[in-house]
Amino acid sequence: MLNIKHILRSHVWGKPFQQTKKNLNIFPGHQNQRKGFCTSTQVIGGYTVKDHLYDAVVVGAGGAGLRAGFGLASEGFRTAVVSKLFPTRSHTVAAQGGINAALGNMEPDDWRWHMYDTVKGSDWLGDQDAIHYMCREAPTAVIELENYGMPFSRTSDGLIYQRAFGGQSYDFGRGGQAHRCCCVADRTGHSMLHTLYGRSLQYDTAYFTEYFALDLLMVNGECRGVIALCLEDGSLHRIRAKNTVISTGGYGRSFFSCTSAHTCTGDGNAMFSRAGFANQDMEFVQFHPTGIYGAGCLITEGCRGEGGYLVNSEGERFMERYAPTAKDLASRDVVSRSMTIEIREGRGVGEHKDHVHLQLHHLPPEQLAARLPGISETAMIFAGVDVTRDPIPVLPTVHYNMGGISTNYKGQAIYNKDGSDHVIPGLYAAGEAACASVHGANRLGANSLLDLVVFGRACAHTISAENKPGDTVGEITDNAGTESIDNLDSVRYADGSRSVASLRNDMQRTMQTHAAVFRTGDVLKQGCDKMSELTKEIKTDIKTSDRGLIWNTDLVEALELQNLVTVANQTIIGAEARKESRGAHAREDFKVRLDEYDYSQPIEGQEKLPIDKHWRKHTLTNVNKSDGSVSITYRPVIDSTLNETECGWVKPAIRSY
């Protein structure tokens, strides 16, 4: 049931909800794309290649891709959505805790307080114009979801229920723990993804379902679409479009233990690298504090938001020592490091004292059933634990990638040249694949689902503002995509000595060991050397067994491995180069954050350090396609907001909870 208060709000903050009647012709993805917009078919290098023409193509059909896709289709753009999965299998479905927005349903709230918490959570590496935009647009985005039919949990008076979540406060950190996280019990991502997909079916969007995007089609620095492999029949498809949106998700599977789906292989980031552009801040990898010990499955931060807490072998609530104010609801990087220290110092639990416990059994069973039903089930299946009686064994687990394709707050992909940012014509990115940068060095819980819908929506708004349906699409050459086809053929017939699974396992274990929660220079350097050798092996010694083209999972996993090693190299080399500790990047040999000023002291009288002498800057990593080597440059953090009158910038300070 829609909330009248929120419908009235939507008239103030955005367009009033309307039941759209246009574009209701719905076709299965294959039917639509084949009958509607296939312009030609040819054979290149022995492979059937079909050409298609659209106004826009979206790569990835998770939350960001769906929001961008139907946002464009609703404005009349002929839109194709390319996904290697059926849309509702996308990893957005696994998000549990919720989505942040300053609705003020539990106590008075303000989006500026949300912005402050996000900047602080980013350890002052986030771009404040993008954070300003995201937090300001958050209430509108959530109300849109409610109007689309997303079944949010409710308070007793019918408002959207908002739970406490890590790193959230009122009154710029002075007002105590905020209740800002809108949720659907502990299955928020599942609900959001199905809501967005259902909404998208109102529009005539062409879904290329189970098509694997290989590369961007670039002409003179302009993106003109993508080339993709149809997994069903092995045909290749060049989808030409004036506007391309990358929303392929993260690259968590570059690590051995992670909460990410097996499909989170950094495809969009690797495509961006192969197009000659630099990804940003790839070294910042978030370890979620509570993955189930031994399985890695996610246990939402919402458990602690509902009143759960962590204990060590002595039964002590140890977070009170590390974060006296926020305690178990400190930001994720702080909690993960605290858990790791407890284990290192011998206060872990279990036979090997290598994990800690999450206590929930003090909470009323009816609260667990209403607010955390999925967690109760997951804990029983993967840990054999009845949460009403026993604690859950947990350990920090790779969960999110703060880095990605560099974009501005409009969703436009950018590159940095001679100290200035430049827009890449025709290319956009949103979601975990992108780096706006709203998360900086550490993402706050429940800001990821917000990132998806706000910047997926922003991409659609920007494209519709700057283009018209039916605009002329730039031409591509007859042999466009040949390099991708050659690589596909090479991998398909690869006859080295090492299987895809063996090489992938070595890469994941190298990253897990050498780029962990705590990092040191020597260990990182060893990891860089190992990754360099693995890159060469993957290039020269990989073996695939299936030579076919129909549902060739061996081939697809080999292509995904190429993508993973591309982004993993950028991650570990960027981490080795960053000689400081900031957010999720914790160096034991460089334990302090190094800014342009020493913010632990009054800045009056201090001389500002030049950008090459401090680390409050974004890392840009370029990959050499021929040998896989990585080069690094940097760009400054954007401290200015979109409107200083509406919201001033958040000045750097010592970060504590």
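Predicted model: local features only at pLDDT ≥ 70, side-chain atom pairs only at ≥ 80, totals over all residues.
Local features are given where pLDDT is at least 70 and side-chain atom pairs count only at pLDDT 80 or more, while totals for chains, interfaces and linings use all residues. Residues are numbered from 1 along each chain as its sequence is written, and side-chain values use heavy atoms, with hydrogens and water left out.

**View 1. The buried face of helix H14 (residues 482-492).** Helices (H or I, at least four residues) and strands (E, at least two) are DSSP runs, numbered from the N terminus. Ser-484, Ile-485, Leu-488, Val-491 and Arg-492 of H14 are buried, that is, under 20% relative accessible area with a 1.4 Å probe and protein chains only; exposed is over 50%, and partly exposed lies in between. Down the axis of H14, the buried residues fall within an arc of 130°, so they line one face of the helix. The arc is taken from the directions from the helix axis to the C-beta atoms. Among the elements covering these residues are strand E1 (38-44), strand E8 (211-219) and helix H17 (553-577), with contact meaning heavy atoms within 4.5 Å.

**View 2. The second largest pocket.** A pocket is an open set of points on a 1 Å grid over the protein atoms alone, where a 1.4 Å probe fits, with protein on both sides within 12 Å along at least five of seven lines; lining residues have an atom within 4 Å of a point. The volume of this pocket is about 990 Å³, counted as the space filled by probe spheres set on the points, which are joined across faces, edges and corners. Of its 42 lining residues, Asp-215, Arg-274, Glu-483, Asn-487 and Lys-625 lie nearest the centre. Elements that each supply at least two lining residues include H14 and helix H7 (267-274).

**View 3. Strand E3 (residues 79-83) between two partners.** Five of the five residues of E3 are buried. Thr-79, Val-81 and Ser-83 are on one side, and Ala-80 and Val-82 on the other. In a regular strand the side chains alternate between the two faces of the sheet. E3 pairs in the parallel sense with E2 over four bridges; two strands pair if DSSP finds at least two bridges between them. Val-57 stands opposite Ala-80. Four bridges also join E3 to strand E7 (residues 206-209), again parallel, and Ser-83 has Thr-209 as its bridge partner there.

**View 4. An open sheet of five strands.** The order is E19-E16-E11-E24-E25, with mixed pairing. Strand E19 (434-435) and strand E25 (630-636) are at the edges with a single partner strand each, so one side of each has no neighbour in the sheet. Strand E16 (residues 404-406) and E19 pair in the parallel sense over two bridges, with Ile-405 opposite Ala-434.
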